[in-house]
Amino acid sequence: MDASDSSDADATDAAAAADRSRGHDRDSDGMLAEQLLRLTRRLHRIQSRQLEPIGITPAQFRLLRTVASYDAAPRMADLAQRLDVVPRAVTTLVDALEASGRVRRAPDPDSRRVVRIEITDEGRATLRSLRNARRAAAEEILAPLTADQREVLGGLLSALVDGMPERHC
């Protein structure tokens, strides 16, 4: 081992010790990540179960929410960009939502080649139902927590979300 190997090892040991002193043990961070993934999967399963009677998938719900978030009817390309998916995925979701009467394709008044996606009254009613299902799923997940614990969790989640790059949906 030469002097540079020794100084690299010392720096690594010092960084690990600093992480541990701040409570950032890599094993516990890994466990936290695993717990968050398990919680996310559980929430997704609960939400899917509650969305099933409404006849919509979580992906369709996300697209419907996204369409509703625009001031003016978005283009398919706008939706693909905001959802960070390929345009073909948006087409498939729009097809299903259009078949159920929740959205409709409308021509763009300024360009015959552009198609805009509008939410229908049925889509708005579905969104209201979906928001209730989402609240019920959250309540099921949060049931074991006291009000104080929920408040602490909310603060921690806000800190994590605020530390992430902005996403639109």
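**View 1. The side chains of Thr 126 and Arg 102 are joined by a polar contact.** In this predicted model, the contact spans 2.9 Å. Thr 126 lies in helix H6. Its relative accessibility is 4%, so Thr 126 counts as buried, the cut-off being under 20%. Besides Arg 102, Thr 126 touches Ile 54, Ile 56 and Leu 64, with residues up to four places away in sequence left out of the list.

**View 2. Helix H2 runs from residue 26 to residue 51.** The helix has 26 residues, and the distance from its first C-alpha to its last is 37 Å. That is close to the 38 Å expected at 1.5 Å a residue. The buried residues of H2 are Ile 46, Gln 47 and Leu 51. These buried residues pack against two helices, H3 (58–69) and H6 (121–142).

**View 3. The largest nonpolar core has 20 residues.** Those with the most contacts inside the core are Leu 63, Leu 64, Val 90, Val 94, Ile 117 and Leu 130. Two or more residues of this core come from each of H3, helix H4 (76–83), helix H5 (87–99), strand S2 (115–119) and H6. Leu 64, one of the residues with the most contacts in the core, is also touched by Thr 126.

**View 4. Ile 117 and the residues it touches.** Ile 117 is among the core residues with the most contacts inside the core. Leaving out residues up to four places away in sequence, Ile 117 touches Val 67, Ala 73, Pro 74, Met 76, Leu 79, Val 94, Val 103, Arg 104 and Arg 105. One of these, Val 94, is likewise listed among the core residues with the most contacts.

Note on methods: Residues are numbered from 1 along each chain as its sequence is written. This is a predicted model: local features need pLDDT of at least 70, side-chain atom pairs count only at pLDDT 80 or more; totals for chains, interfaces and linings use all residues. Side-chain values use heavy atoms; hydrogens and water are left out. Helices (H or I, at least four residues) and strands (E, at least two) are DSSP runs, numbered from the N terminus. The expected span of a helix is 1.5 Å times one less than its number of residues. Buried means under 20% relative accessible area, exposed over 50%, partly exposed in between (1.4 Å probe, protein chains only). Contact means heavy atoms within 4.5 Å. A polar contact is a pair of N or O atoms within 3.5 Å; within protein, one must be able to donate a hydrogen and the other to accept it, and residues adjacent in sequence count only if both atoms are side-chain atoms. A nonpolar core is a set of buried Ala, Val, Leu, Ile, Met, Phe, Trp, Tyr and Cys residues joined through side-chain atoms within 4.5 Å.
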